[in-house]
Amino acid sequence: MLPFADAAPVTTVGEPALNIGIFAAFVVITLAIVIRASRNNKTAADYYAAGRSFTGPQNGTAIAGDYLSAASFLGICGAIAVNGYDGFLYSIGFLVAWLVALLLVAELMRNAGRFTMADVLAFRLKQRPVRMAAAITTLVVCFFYLLAQMAGAGGLVSLLLGINDKLGQGLVIAVVGAVMIIYVLVGGMKGTTWVQIIKAALLIVGAGVMTIWVLAVHNFNLSELLGAAQAVAPEGKDVLSPGAQYGLTDVSRIDFISLALALVLGTAGLPHVLMRFYTVPTAKEARRSVVWAIWAIGIFYLFTLVLGYGAGALVTPEKILAAPGGVNSAAPLLAFELGGTVMLAVISAIAFATILAVVAGLTITAATSFAHDIYASVIKKGQVSANGEVKTARITVVVIGIVAILGGILAQGQNVAFLVALAFAIAASANLPTILYSLFWKKFSTRGALWSMYGGLGIAIFLIIFSPVVSGGAINPATGLSSSMIQGVDFHWFPLNNPGIISIPAGFLLGFLGTVTSRRREDPAIAAEMEVRSLTGHGAEGATSH
Amino acid sequence: MSTDFQVTEQSERFQALKRRHRSFVFPVAVAFLVWYFAYVLLADYAHEFMGTPVFGNVNIGLLLGLGQFVTTFAITTWYVSWANRKLDPLAEEIRADLEEADK
């Protein structure tokens with residue numbers, strides 16, 4: 001996805017104490033709500049799926065809160081401010097992707113599963129190997145996504161809190177991680193959902209206010225805003241048409257197609273998105289959730305278009321690139337330009353809340369997948385009480401939280417852009433083919449599922465390791481540093497940054513080949529049961545009542 | 001006794017539900033993916049065309065991009081109203097019969 005560039009820190013704008021104060025207020029208020037909401041957490045369905053008691057609109061808002069990460073807020077605004085039109089292409093991919101979830105995945109998944117993606121994939125196939133594979137791809141996707149969020153937090157800290165040394169940044173990452181662990185431990189899915197709902201509302205309202213403000217400065221005339229952004233763009237750069245960032249060479253053009261493929265097919269395979277469908281009582285509410293999510297996310301991305309060009313016009317790309325945090329500082333700098341220190345503090349607090357909410361959603365997904373799929377089903381072979389399972393999930397939350405904090409500290413200053421893009425590419429290559437085949441292809445077999453999941457995962461990671469994101473990337477003449485993760489060596493031979501164009505078709509192909517070559521016949525009775533249940537909602541668990 | 005899902009699955013009504021569902025979602029999914037990739041390829045390979053001004057500083061590229069938002073919102077609204085009217089009643093009918101048989 002979008003780079004959290006780490007330019008050398010120069011100055012910090014605004015009042016760090018005020019920034020911290022508003023964020024602390026957010027933490028205190030949401031914590032009180034989490035504690036209140038979690039008093040009824042008794043069963044596994046309560047902890048993992050919030051008792052399936054959220055309404056479609058609530059869940060849809062929470063999905064938006066889960067999906068609109070700091071990268072999509074700060075990153076897309078910054079990309080549009082600096083590279084113009086090309087930044088807009090990201091948001092379109094992220095939005096259109098939701099139609100895959102709406103039409104093909106959400107309702108059928110809700111009807112056929114209980115807590116995790118693996119519930120659906122293992123429904124009519126051999127339980128243990130398929131569950132194990134689905135849990136592994138879930139954990140890998142969550143891990144990369146989590147690491148990107150935590151490392152991104154380090155970049156935000158230097159920009160917004162004026163903490164530039166590694167130790168101080170590491171400390172802030174640890175505090176953010178610790179708060180997140182408390183949310184998820186105490187609140188479970190219910191608490192996490194409320195944090196996401198509040199954060200989504202703040203983010204969309206905050207971005208909306210700034211959007212109206214930017215438009216007001218330009219007499220509510222979009223053309224005038226675009227003209228102003230073009231006027232301050234570097235000599236010879238057309239920020240109003242595509243091609244400023246991609247489209248320089250044949251390789252970068254194909255790289256862009258690869259990214260577009262991963263974005264549009266990845267969303268419906270992201271485990272933390274899929275898990276949100278289990279927090280509503282029926283498939284009809286799952287449908288309403290997606291509708292709310294699509295409107296909230298779509299409107300938000302329209303805001304980012306105005307904010308991006310607004311930041312370009314009012315702050316200028318030159319100043320944005322020179323600021324600590326680089327392109328990611330576009331939105332905060334625009335807030336400062338418009339509303340001074342108070343507006344900056346509000347937007348900064350929202351950015352931190354964003355990281356917190358997304359990380360919490362990822363953590364509970366990973367913990368559920370480990371406890372429900374690996375511990376209860378594979379290790380204990382189902383011989384474990386629901387209480388024992390939830391206890392394991394809570395322990396896993398703490399472990400994942402600590403891993404995320406350490407990973408975030410270690411990944412500081414690294415190019416983390418590839419982590420989120422990789423998460424999407426893996427979700428599209430390893431998860432989506434198996435999900436679609438399970439739901440729509442009666443003959444799909446255990447071997448097909450395993451080949452597709454392990455194959456898609458393996459190929460995506462293999463190609464990434466030998467791509468320019470890990471080694472041998474272009475050297476930035478200003479800093480003398482390569483854009484790659486590892487400096488000074490070059491073992492790359494795969495030319496693209498995103499593996500999607502190879503690994504996604506490979507995932508689909510392997511699922512097909514595994515199925516047609518498989519000798520084991522899956523039980524037709526269970527296949528019929530899954531089909532009937534997924535379309536009619538018969539036997540799907542409804543809301544738990546207290 | 002437990003439900004025989006194979007009998008339900010083979011039933012005329014269930015097959016009608018399945019056909020109805022697939023004959024909507026598959027063509028629409030193909031259509032929006034084709035439209036999305038057509039847009040991506042234009043943005044990737046036809047910079048001049050996308051830069052053609054339409055009015056003021058607004059060009060074809062921006063209008064096509066906003067068009068993606070419009071079609072996404074439109075397909076969402078269309079699907080929901082279709083599913084509420086055509087899909088849910090049939091699915092509820094079959095589910096009610098299954099629950100009756102479970103008793």
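Is α17(A) mostly covered or mostly exposed, and how many of its 20 residues are buried? The points below start there.

1. **Helix α17 of chain A.** This is a predicted model. In it, α17(A) is mostly covered, with 15 of its 20 residues buried. The helix runs over residues 446–465 of chain A. From first C-alpha to last, α17(A) reaches 28 Å. That is close to the 28 Å expected at 1.5 Å a residue.

2. **The nonpolar core.** The largest nonpolar core has 233 residues. Ile297(A), Ala311(A), Leu334(A) and Leu356(A) have the most contacts inside it. Helix α14 of chain A, residues 330–379, gives the largest share of this core, at 32 residues.

3. **Around Leu334(A).** Set aside its neighbours within four places in sequence. Leu334(A) is then in contact with Met210(A), Leu307(A), Gly310(A), Ala311(A), Leu314(A) and Val315(A). One of these partners, Ala311(A), is also listed among the residues with the most contacts inside the core.

4. **Helices α4 and α5 of chain A.** Helix α4 covers residues 70–83 and helix α5 covers residues 85–112. Their axes come within 6 Å and cross at roughly 145°. On the α4(A) side, the contact is made by Ser72(A), Ile76(A), Ala79(A), Ile80(A) and Asn83(A). On the α5(A) side, Asp86(A), Gly87(A), Phe88(A), Tyr90(A), Ser91(A) and Phe94(A) take part. The residues of this contact divide into six nonpolar, four polar and one charged.

5. **Fold of chain B.** Chain B has four helices and two strands. Along the sequence, the pattern is α-α-α-β-β-α.

6. **Dimensions of chain B.** The radius of gyration of chain B is 22 Å, whereas a compact globule of 103 residues would be near 13 Å. Its C-alpha atoms fill a box of roughly 70 × 20 × 20 Å along the principal axes. Of the 103 residues in chain B, 27% are buried. Take the contacts in chain B between residues at least 6 apart in sequence: 57% join residues at least 24 apart.

7. **Where chain B meets chain A.** Here, 42 residues of chain B are in contact with 44 residues of chain A. On the chain B side, the elements giving two or more residues are α1 (5–10), α2 (12–45), α3 (47–50), β2 (58–59) and α4 (60–102). The largest share of that side, 17 residues, comes from α4(B). By type, the side of chain B that touches chain A divides into 23 nonpolar, 13 polar and six charged residues.

Terms used: Residues are numbered from 1 along each chain as its sequence is written. Chains are lettered from A and ligands numbered from 1 in the order in which they are written. This is a predicted model: local features need pLDDT of at least 70, side-chain atom pairs count only at pLDDT 80 or more; totals for chains, interfaces and linings use all residues. A nonpolar core is a set of buried Ala, Val, Leu, Ile, Met, Phe, Trp, Tyr and Cys residues joined through C-beta atoms within 7 Å. A residue is buried if 20 or more other C-beta atoms lie within 10 Å of its own, exposed if 12 or fewer, and partly exposed in between; C-beta atoms are placed from the backbone. Two residues are in contact if their C-beta atoms, placed from the backbone, lie within 7 Å. Axes are lines fitted to C-alpha atoms, for helices over the stretch in contact, and angles run from 0 to 180 degrees between N-to-C directions. Ala, Val, Leu, Ile, Met, Phe, Trp, Tyr, Cys and Pro count as nonpolar, Asp, Glu, Lys and Arg as charged, and the others, Gly among them, as polar. The expected span of a helix is 1.5 Å times one less than its number of residues. The radius of gyration is taken over C-alpha atoms; the globule rule is 2.2 Å times the number of residues to the power 0.38.
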